[in-house]
Structure formats: structure tokens, C-alpha cells
Amino acid sequence: MNFDKISRRGVLKGTAALTIGSALPLSSALAKDTTVGFIYVGSRDDYGYNQAHAAGAAALKKMSGIKVVEEEKVPETDAVEKTMESMINLDGATLLFPTSFGYYNPHMLKMAVKYPKLRFEHCGGLWTEKDPKNAGSYFGYIDEAQHVSGVVAGHMTKSGKLGFVAAKPIPQVLRNINAFTMGAKLANPKVTLQVIFTGDWSMPVKEAEATNSLIDQGVDVVTCHVDGPKTVVENAARRGAMVGGYHVNQAVLAPQAYLTGAEWNWEVLYPRFVKMFTSGETIPNFYRGGLKEELVKVSPYGPMVSEAARKQADEVKAGLTAGTYVIFKGPVTDNKGKTVIASGVARGQTDPELEKMDYLVDGVIGATS
Amino acid sequence: MADPGNIGLWTVPLAVLGGAVRVSTPFVFVSLGECITERSGRINLGLEGTLVMGAMAGYGISYLTGSPWIGVLAAGVTGAGMGALHAGICGLPRVNDIAVGIALMLFGVGLAFYLGKPLIEPTAPRLPAIDFGWWSDIPQLRAALRINVLFIIGVVLAPVLVWALRTTRWGLIIRTAGESADAALAMGYSVNVIRLRATMFGGFLAGIGGSFLSLYYPGSWNEGLSSGQGITAVALVIFARWNPMLCLAASLLFGGAAALGPALQSVGYSHGYHLFNAAPYILTLLIMIVTCSPKRTLIGAPAELSITR
Amino acid sequence: MKADVGAPVTKAGVGELLRLPPFGRKFGGAAEYVVIPALALAASLILFGIFVALFGKNPIDLYFYMYQGAFGTWFSWQNTLTRAAPLILTALCTALPAQLGMVIIGGEGALLIGALCSTSAALAIPDAPPLVVDFAMAAAGMAGGGLWIMLSGALRHYRGVNETISSLLLVYIALAILNYLVEGPMRDPTSLNKPSTREIGVANMIGSIPGTDVHWGFVFGIIAALISYILIYHTVFGFAARVAGGNIRAAKVVGLSVGKLILIICFLAGAAAGLAGMMEVAAVQGRTNANLAAGYGFAGILVAFLARQNPLAVIPVAILLGGIGASGGLLQRRLGLPDASVLVLEGVIFVMVLASDTLYGRLSFFRAKGS
């Protein structure tokens with residue numbers, strides 16, 4: 001960021017000027033507490049997506065001068081607009097984190113236009129230049145952590161069959177499935193991954209059925225991408241399968257069966273954002289990162305994980321953390337035989353093509369529609 | 001050596017069988033309980049709330065006491081309490097029992113979510129299952145034949161209820177109250193008390209059905225546990241013609257239909273899984289259309305049941 | 001409704017209906033209709049206060065925040081009215097068939113089908129002027145929702161299938177259809193992470209009532225409620241419906257075509273919910289996706305019952321329930337109450353209002369003045 005330009009530019013024109021624009025009301029706010037608002041689409045203690053965000057919010061509560069207000073179970077309708085306004089008007093929130101994907105368009109964008117002096121940070125949204133400057137989106141490349149988890153799974157599976165319980169075939173989910181599979185294939189090129197789509201983000205009975213179906217098929221390592229992985233983890237462990245966690249660390253639910261997991265690291269990111277906000281620094285509108293930027297992390301290895309698995313997983317993790325390792329590099333074929341990434345092409349994590357992923361890589365049994 | 005787990009397309013019927021047993025157990029209990037309640041002349045639509053309350057109570061008590069069976073009992077008692085509430089309000093003159101049912105559904109679900117907040121994270125001890133497939137080394141068959149104890153209780157309960165309704169004194173009293181309130185009064189019984197007891201019994205069973213969800217399958221407490229199972233069980237009772245054995249069969253059918261989607265996906269057929277999710281409801285509707293007749297709106301229905309008037 | 005042996009006949013006979021339309025009753029009767037629900041409401045609030053106190057919260061704080069969150073500031077009012085808007089229409093979906101004695105709880109399904117139909121209509125004529133598009137959307141939404149509930153009514157009339165259960169099953173079926181279409185044939189290819197249909201276009205969106213943040217759906221809801229009230233209580237058709245609802249045999253004897261009544265009323269009921277679906281698309285979301293299944297249909301059932309199935313009473317009750325929902329957020333943030341507390345309160349109110357049914361005609365205070 002070019003600080004010369006900021007001192008010369010006028011107020012509220014262009015991205016750089018946002019720093020001044022957001023600093024003006026803050027100069028009075030700095031004197032008292034900054035109120036940060038969090039909005040969750042589900043229950044805060046779902047052992048999954050929302051709990052990860054709540055953990056991040058909890059990290060903020062420990063900071064001095066920061067007050068946190070939270071509301072959970074807010075549906076992705078105009079109710080969330082009213083919730084945001086309520087937090088702004090009645091609680092004096094100046095920084096808001098609506099954490100569910102569906103809050104972004106049109107709800108958060110409407111609020112961002114209506115309250116140009118406040119800041120709205122959205123998890124998972126795709127901010128573009130057309131969107132308001134006081135809105136931003138951040139997301140973690142959790143597929144990197146799933147990739148490492150896949151490496152471990154590939155080592156540990158005895159049957160060569162892995163299983164994945166997924167909610168919907170959207171790019172973020174497909175990316176996780178593919179990264180996991182490709183990691184497993186590094187350890188064992190002959191593994192297959194069976195994916196079952198339940199149809200929605202939180203369907204405990206369907207998730208249990210899917211887990212059981214997978215294990216009936218001979219799968220012995222299961223992971224998932226649903227809002228609340230507790231059902232999958234517990235049911236898989238009960239059937240004697242091994243488990244890869246997601247969103248948060250579920251090891252306490254299945255201490256013996258838990259191999260490792262892909263977790264969010266919001267406890268590091270949110271304090272970072274808030275410090276930037278309170279010191280007047282602009283939070284970049286489009287913020288992405290993976291293991292390197294500490295937005296995601298890999299769970300500690302469970303007791304069952306073998307030495308060989310740990311070694312290879314650590315290697316891959318180190319490569320990802322250093323930024324030298326590329327998961328999606330060609331040649332990559334999908335499970336219908338088509339080449340989706342040509343040989344020699346390396347799609348780094350920020351490559352926008354990855355955000356449009358609509359295929360399942362070779363080795364995955366299942367279809368996206 | 002041949003992979004015993006690779007049985008190709010046979011996976012699907014086995015998975016449906018296993019799923020039928022697993023998914024149908026709450027339906028079995030709720031529909032048997034509602035069967036008795038409706039035989040006494042009252043319809044309890046609040047069983048969804050009762051089911052969820054039972055699930056929450058069962059999970060909580062199991063966690064606190066360390067015994068899943070005490071949890072099941074607690075779930076039953078909670079269900080009986082909800083049933084008593086339903087009967088108590090419906091017993092007042094001029095009160096519409098369908099509306100009360102919907103109200104208690106809302107109340108029960110809300111209360112269960114409210115009280116169950118601290119129960120989402122901990123893990124409670126679970127109910128056991130009996131491995132009827134120990135003789136096989138095909139994992140799918142063994143999984144399908146791993147039958148939980150509550151299901152077995154339910155299967156035994158159905159013919160017991162048939163026998164009880166037909167031959168015991170209580171069965172006769174309940175059926176009389178359901179067919180004609182005047183006749184029951186003439187016999188010297190208070191219709192309200194009979195219905196109170198029948199509704200409490202129905203609630204007791206529904207609570208146990210709920211405890212199955214949280215203590216066995218899916219086996220944990222959270223707020224998405226039930227998706228209308230209470231109400232669809234009431235539908236099952238109607239198209240099972242108020243016969244406990246048919247309630248059992250209908251529940252199994254329903255459970256199998258619900259397991260069809262994931263079973264098909266696991267062998268690779270994943271097109272249109274949303275419509276498979278709706279399969280149980282479509283099936284229920286079709287069967288109701290076929291078996292109901294406009295002449296006698298509900299053949300075999302207890303005459304005192306408000307939905308027949 | 002059950003008739004207990006020995007209790008006075010409580011079902012309204014044809015004669016009674018001829019003399020006393022509910023809202024035109026004499027002084028004592030009208031007072032009863034307002035005071036008894038008010039008593040029930042007060043009792044529920046007290047009970048809820050006690051409930052919350054058991055968990056260590058101050059009930060006075062509770063009442064204060066409920067008021068502040070629902071009606072305390074202009075912003076709260078807008079929150080309340082926005083939430084009330086769809087509820088009025090989905091409540092009509094239950095209230096209208098109730099005149100016939102049918103209990104239909106399928107408003108959620110009709111809303112979703114209406115949303116799908118109206119979105120399809122908008123996407124089919126992308127180049128038409130906005131007013132035409134909005135009109136087409138409303139027509140399509142009402143037609144789709146109407147047919148959905150009419151199906152339930154038809155099943156009741158022609159096959160004797162209980163409408164409560166069939167309408168509920170249709171809700172789940174509608175949900176599956178919505179998910180299937182939104183993720184499949186109707187999916188917008190750019191809506192990657194949140195499967196949705198294509199947008200209907202900003203120009204076609206319905207705005208807010210000037211000076212407020214409340215969208216026009218609220219006004220349409222009020223109009224629909226008024227039309228329903230006039231239809232039911234001041235037309236021959238409505239009268240025929242109420243007669244059929246009171247006593248089907250008498251209706252048939254008198255020569256009323258019960259089947260036609262059922263089908264038309266069910267269509268109108270579904271049309272109301274379908275219109276709610278259309279408003280959600282046109283005024284809030286701009287497209288159809290899984291977010292539309294937000295429980296408005298089920299909340300509408302509650303509103304209808306609390307309003308004693310009277311279309312006019314639906315309006316204040318919807319506002320009341322909207323207020324309760326609006327205050328829920330504040331209760332979460334200020335008192336740390338879980339969001340389920342709103343459900344508990346609604347359940348308690350519902351139960352108390354239904355239980356208070358028994359007081360009608362039994363309180364001597366009113367009997368002296370009443371008919």
C-alpha cells in the first residue's frame with residue numbers, strides 16, 4: 001500500500017482512501033471499546049463450522065478494548081440484515097462478521113452500502129471490484145489441510161478405500177474432496193475415494209446413513225464436509241473406521257480413531273483483523289490464505305498414525321507452509337477421463353480457476369450431479 | 001483371496017434392509033404409541049415435540065447417570081409428561097386437539113432445544129446392539145444384521161399391543177372410548193381419564209422413540225435430529241389402519257425408503273439424490289391416496305377421532 | 001371439535017351463523033374475543049418470565065428487552081414489520097381452509113412452489129418492462145401455490161385423505177423439488193457456492209415502502225387479509241363456506257357444492273402463501289435458493305391459530321409474532337438466552353391461547369352482557 005497517495009488523496013475516493021474514511025469515526029471510538037459483531041447461521045456449539053468462528057470470537061474477547069456481541073441461528077434471509085442493523089444501532093458495532101456464505105449477497109452488501117463508515121467482513125464470499133469498499137471477504141484454503149489429512153489417510157487405510165460425506169457439490173466442497181484424494185494418492189496411488197452427498201449442510205440422519213453405507217462398502221477412513229461433523233466422526237468411530245476431522249478438532253469424540261483433521265485457525269486471523277481495524281489499517285478486501293498465512297491448521301496426529309505417515313505428512317505440510325508446494329498441478333484428470341489441468345500447468349491456491357471447480361479427480365467414485 | 005466386501009449391487013438391498021431397521025425404530029415406537037392414543041379417540045400431533053424432548057432427556061440423563069437405559073426410561077417419562085399435558089388441555093371443553101398438538105409440537109421442540117444447549121458437545125453412553133450376523137464374513141450383511149435392542153423391543157411390542165387391545169379389559173375400555181364416548185360413559189368410565197392414560201402411554205413410547213435417535217442412531221444430540229418424524233409417524237398410523245402390526249410394517253417400509261438414497265449413492269448412482277430424500281414422504285402420500293376412500297373417509301377409524309368428523 | 005356428553009352444544013349451527021358474524025357481535029361478545037386472548041398472552045408472558053428466572057435471568061430485564069427489540073425504537077418497529085410481512089400471507093393459508101373446518105399446515109410448501117413459479121416467470125420474460133414482470137411473477141406465484149394446496153384439498157374431497165397430513169407431506173416434497181431444481185435444471189452457473197437460480201434482475205425487484213425499510217409485501221399482506229375478511233364474512237360464497245365448515249351434512253342438504261368450495265378455498269389459501277413466496281423472491285432475495293425455506297409457513301400456522309382463524313385478526317397477531325421474533329436477537333445478545341427461547345415463548349403462548357378457548361362463554365362477567 002502506498003502511503004504517499006493516502007496523504008494526498010481526498011476522502012472516500014478509491015480503495016486507498018478507505019483508510020482515512022474508516023479512521024475518522026474511529027478516532028472517537030478508539031477512546032472507548034470497539035464492538036465487534038458476529039453472526040452465525042447455526043448453533044455456536046455444533047462442533048463444526050460455527051464453533052470454529054466462535055472460537056475466533058472467543059479469542060477476541062480476551063483482547064482489551066474489544067467488546068464482542070454474538071448472535072446465532074440467524075437465517076440467510078432479511079433477518080440477518082435486521083440483525084446487523086440491530087447490532088449497529090443498539091450495540092454500536094463498527095466491525096461485523098457475518099459468517100455464513102449466504103449472508104453476502106444481497107444482505108451484507110446492502111448493509112455495507114447503507115453504512116459506508118462501518119466495516120463488514122464476510123467469510124467465504126467473493127468480493128469483486130463492483131462491491132462496496134467497506135465490505136471484504138476472507139477465506140482459508142482449508143483444502144491444504146485436507147490435503148495433508150489425505151496423505152495420512154492414504155498411509156493408514158488398509159482396504160485402500162476412503163470415504164467422504166459431503167453436503168453439496170459446490171466448488172469449495174469439491175476442492176476439499178479433490179485435495180484430500182490427491183494427498184491420499186501421494187501415499188498410495190491406488191486408493192479410491194467414495195463420496196456421498198447428503199443434500200444439505202446439516203442432516204444428522206442422512207450423514208449417519210451415508211457414513212454407514214460407506215463403511216458397508218469397505219471404506220475404513222472417513223472424512224467429511226458438513227456443518228457439524230460430530231455425527232460422522234462418532235458413527236465412523238463406532239463402526240471401527242478411522243476418521244479425519246473437519247472445521248474443528250474432534251479428537252475428543254473419537255480419541256483412538258482420530259487420525260488428523262483440517263481445522264480453521266480463526267483464533268489467529270480475527271485478532272489480526274481487529275488489530276488492523278483499530279489501528280486504522282485497511283483490511284484487504286479480498287483476503288485469502290492457507291497454512292502459510294496461518295488461516296488454517298492441521299490437527300495434531302492421533303495415536304494410531306504411523307511414523308511413515310507422519311513423515312510424509314510433515315513434508316507436505318512444510319512445503320505448503322513455505323509456499324513452495326502446489327496441490328493442483330497438472331496433469332490432472334477427472335474421474336470421467338477428461339484432463340482438467342494440463343500437464344505443466346500449476347494452479348496456485350489463489351488461481352481463480354480453482355474457485356470454479358466442478359469436477360472430481362480421478363480416483364473419486366461419485367458424480368457432481 | 002476374493003474380497004468379501006465386494007458384493008456389487010447386492011449392497012443396495014442389504015443397505016436398505018439395514019437402514020430400514022435403523023431408521024424405522026423411532027417410527028415404530030411413535031406410531032405404536034400414537035396408535036393407542038388414536039384408538040382411544042384422540043389425535044396427538046404434538047408427538048414431534050415429544051420425540052425431540054425424549055431425545056434430549058434421554059441423552060442428558062444417560063450422560064449424567066452413565067447408563068443409557070436409565071436415559072431411555074427418563075425419555076419415556078418425559079414423553080408421558082408431554083402426553084399428560086396434551087391430554088390435560090384437550091380435556092377442557094371446546095379445545096381443538098389438532099391445534100393443541102401443533103402447539104405442543106412447537107413448545108416441545110423449543111423447550112428441548114433450550115434445555116439441550118449444554119448437551120451438544122458431550123458424548124453420552126450409547127445403547128447396545130445385538131449382532132445377528134456373526135455367522136457371516138460379508139461386512140455389509142453383518143452391518144445390516146446388527147440390530148439394536150430397542151428395535152427388538154418394538155417388534156415384540158406390536159403383537160403384544162394387538163393382543164392387549166383385543167383381549168384385555170384395558171384394551172376394550174380404550175377401544176370403547178374411541179368408538180363412542182357415550183358407551184364409555186355408560187360403562188362408568190370417564191372418557192377424559194381414559195384418553196389421558198392412553199395419551200400418556202403414547203407419549204411414553206414416543207419419548208423412547210426419541211431416545212433412540214440420540215442414544216443410538218445417529219447417536220448424538222443436536223438441533224437437526226428430527227425432521228418431521230413425529231408427524232409422519234402420525235400419518236403412518238392412519239394408513240396402517242390403526243393396526244399395530246401394520247404400524248410396524250409401515251415403519252419398516254418408511255425406514256427402507258429413507259435409506260434408499262445413500263445406499264444408491266454408495267454404489268455410484270447419485271443422480272437426483274434430492275428426490276430420493278423425498279422418497280419416504282412421496283411413498284406415504286401415495287399409499288394414503290390409494291388406501292383412503294371418500295365414502296367412509298377413514299375406514300376403520302375410531303369414530304370419536306376428530307379428524308373423521 | 002368434540003362434543004362431550006352432557007356439555008352444552010358448542011358447535012355453531014346454521015342459525016347462529018345467520019345472526020352473529022363474529023366481529024359484529026354485541027358488546028359483551030366482542031369484548032370476550034379481545035380480553036380472553038389478551039389474558040392468555042399476559043399469562044404466557046408471566047409463565048415465560050418465571051421460566052427464564054429459573055435460569056438466573058431477571059424477568060424485568062426480559063420484558064424490557066422484548067419491548068425494546070420489538071417496539072422500542074423506529075428501527076425495531078421496522079424489524080418487526082419486515083418479519084410480519086410474510087406471516088400475514090402464510091397465516092391466510094391456514095386461516096382460509098379453517099373456515100371449512102379443514103386444518104391445513106402446508107403453507108411452507110405453497111410458499112416454496114410459489115417462489116419457484118414466480119422466478120420461472122421472471123426468467124421467462126427477461127425483456128419485459130418491470131411492472132409486467134412483477135405482475136407475471138405475482139400471477140405465477142399465486143397460481144403455483146394455489147394449485148399446490150388445492151391438491152391437498154382435492155385429495156381430501158375425492159380420496160378422503162386427511163388434509164393436515166397430506167399438506168405436511170407436500171411441504172417436504174416441495175422442499176425436495178426446490179433443492180432439486182435450484183441445484184440442477186434451474187441453477188445459475190455463476191452461483192457456485194450457493195446454488196441459486198438466476199437473478200430476476202435489480203430492475204424487477206420490489207422496493208420498500210417509502211420512508212421505511214419495510215418492503216411492499218407488508219402492504220400486500222394487509223390487502224390480502226382485508227379481501228379475505230370481506231370474502232369470508234360479507235359474501236355469499238364466504239357464508240356458504242362457513243356453513244359447510246360448521247356442518248357438512250347441513251350444507252349438502254341445503255344444496256351447497258362442497259367440493260367446489262373446498263377446491264376454491266384451498267386454491268385461495270395456497271395463492272396467499274404463493275404470493276408470500278413471490279414477495280420473498282422479488283423484494284428480498286432476488287432469486288430462488290434454499291434460503292427461502294426459512295420457516296415462514298410454519299410460523300404462519302401459529303399466527304392463524306392465535307388469530308382464531310379470523311383473517312382480520314391475523315394482521316395484529318402477525319405483528320405481535322414478528323415482534324417476538326425481532327426481539328429474539330436482543331435477548332440473545334443482552335441476556336445470553338439461546339435462540340430457542342423464542343420458540344419456547346411462542347409455544348407457551350400458543351398453548352395458553354388454546355387452553356383459554358375453554359373460557360369462552362363461561363366467564364360470568366361476559367355472560368351477563370352477551371347474547
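Here are some worked exercises on a predicted model with chains A, B and C.

**Exercise 1. Work out how helix 10 and helix 11 of chain B are oriented to each other, and which residues meet between them.**

Step 1: Find the two helices. Helix 10 of chain B covers residues 229-239, and helix 11 of chain B covers residues 244-266.

Step 2: Look at the geometry. The two pack at an angle of about 130 degrees, and their axes are 9 Å apart.

Step 3: Over 145 degrees would count as roughly antiparallel, and 65 to 115 as roughly perpendicular. Helix 10 and helix 11 of chain B are therefore oblique to each other. Their crossing is right-handed.

Step 4: From helix 10 of chain B come Leu236(B), Val237(B) and Phe239(B), and they meet Cys247(B), Ala250(B), Ser251(B) and Phe254(B) of helix 11 of chain B. Sorted by class, this contact has six nonpolar residues, one polar residue and no charged ones.

**Exercise 2. Describe the side of chain C that touches chain B, then the side of chain A that touches chain C.**

Step 1: Start with chains C and B. Here 42 residues of chain C are in contact with 46 residues of chain B.

Step 2: Ask which elements of chain C take part. Helix 6 (130-159), helix 7 (163-183), helix 12 (296-306) and helix 14 (340-356) of chain C each supply at least two residues. Helix 14 of chain C gives the most, with eleven residues.

Step 3: Sort this side of chain C by class. You get 28 nonpolar, nine polar and five charged residues.

Step 4: Now move to chains A and C. In this case 27 residues of chain A are in contact with 20 residues of chain C. Strand 2 (66-71), helix 4 (78-91) and helix 7 (171-187) of chain A each bring at least two residues to the side that touches chain C, and helix 4 of chain A gives the most, with eight.

Step 5: Sort again. This side of chain A has seven nonpolar, nine polar and eleven charged residues.

**Exercise 3. Find how the two domains of chain C meet.**

Step 1: Get the bounds. The domain assignment gives domain 1 (24-57 + 340-371) and domain 2 (58-336) of chain C, and their C-alpha centres lie 26 Å apart.

Step 2: Look at the contact. Eleven residues of domain 1 of chain C are in contact with 13 residues of domain 2 of chain C.

Step 3: Name the contributors. On the domain 1 side, helix 2 (27-54) and helix 14 of chain C give two or more residues. The largest share, seven residues, comes from helix 14 of chain C.

Step 4: Sort by class. That side of domain 1 of chain C divides into seven nonpolar, two polar and two charged residues.

Key: Residues numbered from 1 in each chain as written. Chains lettered and ligands numbered in written order. Predicted model: local features only at pLDDT ≥ 70, side-chain atom pairs only at ≥ 80, totals over all residues. Axes fitted to C-alpha atoms, helices over the stretch in contact; angles between N-to-C directions. Helix = DSSP H or I, 4+ residues; strand = E, 2+ residues; numbered from the N terminus. Parallel < 35°, antiparallel > 145°, perpendicular 65-115°, else oblique. Left-handed = near helix turned anticlockwise from the far one by under 90°. Contact = placed C-beta atoms within 7 Å. Nonpolar A, V, L, I, M, F, W, Y, C, P; charged D, E, K, R; others polar. Domains from an automatic or database assignment.
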